[in-house]
Amino acid sequence: MVLQKSPESAVLWGYGPEGDQVTLTVSGPSQQNTSLVNVTKGIWRVTLDPVEAGGPYNVTAAVQSSTVTLTDVLFGDIWLCGGQSNMWLQTSKIFNASEELDLAAKYPHVRTFMAALKLSETEQTDLIEVELPWSVPPENVAEFSAVCWLFGRYLYKTLQYPIGLVESCWGGTPVEAWSSSRALKQCGLQQTNSGPKMNSVLWNAMIHPLLNMTIKGAIWYQGEANADYHQEQYSCSFPAMIDDWRMAFHQGSGGQTALDFPFGFVQLSTNKKGSESDSFPNIRWHQTADIGFVPNPRMHKTFMAVALDLPDATSPFGTIHPRDKQDVAYRLTLGARAVAYNEKNVSFQGPFPKIIHSAHEFINITYDQKVSVTPSKDVFEICCSGIQTPCGPKSRWVPAPIMHWGPTTVQLSTSLCQLTDKVAALRYAWRDWPCDFKACPIYSASEILPAPPFITNRSQIKGNQ
């Protein structure tokens with residue numbers, strides 16, 4: 001397995017006869033102290049001294065009558081991978097799967113563990129079942145989350161020390177199932193589901209048992225199930241879940257897991273081509289607490305992989321499950337390098353408007369970075385109104401074609417507005433399936449990072465008052 005490396009301390013625990021003394025010994029490349037600890041209420045627990053990245057170590061726990069030894073234990077960074085089916089989608093199912101699986105053997109220090117899909121109406125101390133025990137690649141990689149595996153593999157290329165990946169996810173599940181009752185109360189969310197969609201049942205069975213573990217951070221791919229369930233509350237429920245996980249992992253590990261551990265997530269990709277529904281656009285916006293980008297004041301120390309430009313019209317697993325998980329994981333890795341590892345000069349956010357100015361017949365957008373632009377007739381849309389009421393999804397939105405652009409600016413035509421109306425709102429990529437594969441209009445200058453979707457109202461458009 002992999003345990004969390006220094007500067008944090010790994011926490012180990014187990015069961016034993018009441019009152020017995022357990023001797024815990026760690027032996028390997030660097031000398032570790034032996035720990036003596038008593039079994040209380042059937043459980044013993046040890047916080048190790050911090051151990052630098054590397055290994056292998058042996059960890060032995062002994063009581064008078066029996067001894068257990070874990071071998072080939074490495075110290076590195078532990079990342080938890082959660083969410084629903086796009087996180088669950090296995091490495092054997094993605095594009096270039098055979099190539100990925102052939103490569104896996106070259107990464108014996110990126111190790112995987114997967115919790116079984118179990119639910120509980122009460123908080124569990126231990127996992128009810130393990131789906132895939134700690135494994136050394138290539139063993140079990142085919143059955144493991146592709147996004148999680150690729151994220152770990154790409155991260156290893158940068159960090160060059162062991163990575164432990166812990167998968168705990170379940171397809172078709174809403175955020176409420178993964179949230180404690182504490183977090184749900186903050187958003188006033190009542191119980192209306194059953195089975196694995198019930199409030200807190202997966203938090204209880206698949207997250208709570210992991211709280212003792214010291215982790216570096218978490219990545220998350222979820223939101224599809226909330227497109228038609230408590231959608232409007234997602235801008236509260238998702239940030240509240242992140243805050244609550246942070247508090248709970250910090251407390252559960254005795255303060256070893258950071259109180260603000262880095263949390264990365266994938267903004268929803270696509271589902272139905274040509275769909276007029278705004279449920280996916282709304283969830284994408286709510287995933288950022290209605291700000292449009294992260295980190296932001298409501299969601300500090302977070303990072304996001306934009307994925308609306310990675311549709312897969314011929315996915316055999318349904319269009320809601322695109323097979324390009326390499327770009328998703330790579331974009332997450334950029335965010336982790338910048339936010340979790342404080343690497344300087346790593347771009348991880350796509351372009352976002354800094355100033356939006358409405359002039360006669362045009363809107364000028366100035367972005368927060370240099371942009372790469374492809375002409376588009378309809379990915380930008382405007383809502384024109386002569387009255388002061390805000391524009392909503394049922395308002396009349398018309399295309400705003402790109403007319404000109406510069407290194408950091410884009411000019412849109414407002415000619416489809418009636419002369420008597422003013423531009424009351426502007427939105428970008430506000431569709432379930434806004435563009436073809438890697439063909440959205442606005443990218444970073446490197447052409448690697450797509451601009452995230454946004455929506456603005458009258459008060460945010462200058463020159464409009």
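Partly exposed means a relative accessible area between the two cut-offs, with buried under 20% and exposed over 50% (1.4 Å probe, protein chains only). This is a predicted model, where local features need pLDDT of at least 70, side-chain atom pairs count only at pLDDT 80 or more, and totals for chains, interfaces and linings use all residues. Residues are numbered from 1 along each chain as its sequence is written, and side-chain values use heavy atoms, without hydrogens and water.

**View 1. Salt bridge between D243 and R298**. A salt bridge puts a side-chain nitrogen of Lys or Arg within 4 Å of a carboxyl oxygen of Asp or Glu. Here the closest N and O atoms are 2.9 Å apart. D243 sits in helix α6 (residues 234-252), and R298 in the loop between α7 and β13 (302-305), so the pair ties together parts 55 residues apart in sequence. Helices (H or I, at least four residues) and strands (E, at least two) are DSSP runs, numbered from the N terminus. D243 is partly exposed, at 31% relative accessible area. R298 is partly exposed too, at 34%.

**View 2. Salt bridge between R111 and D72**. The closest N and O atoms are 3.2 Å apart. R111 lies in strand β8 (residues 110-115) and D72 in strand β7, 39 residues apart. R111 counts as buried, at 4% relative accessibility. D72 counts as partly exposed, at 31%.

**View 3. Salt bridge between D436 and K273**. The N to O distance is 3.6 Å. The two residues are 163 residues apart in the chain. D436 counts as partly exposed, at 45% relative accessibility. K273 is exposed, at 56% relative accessible area.
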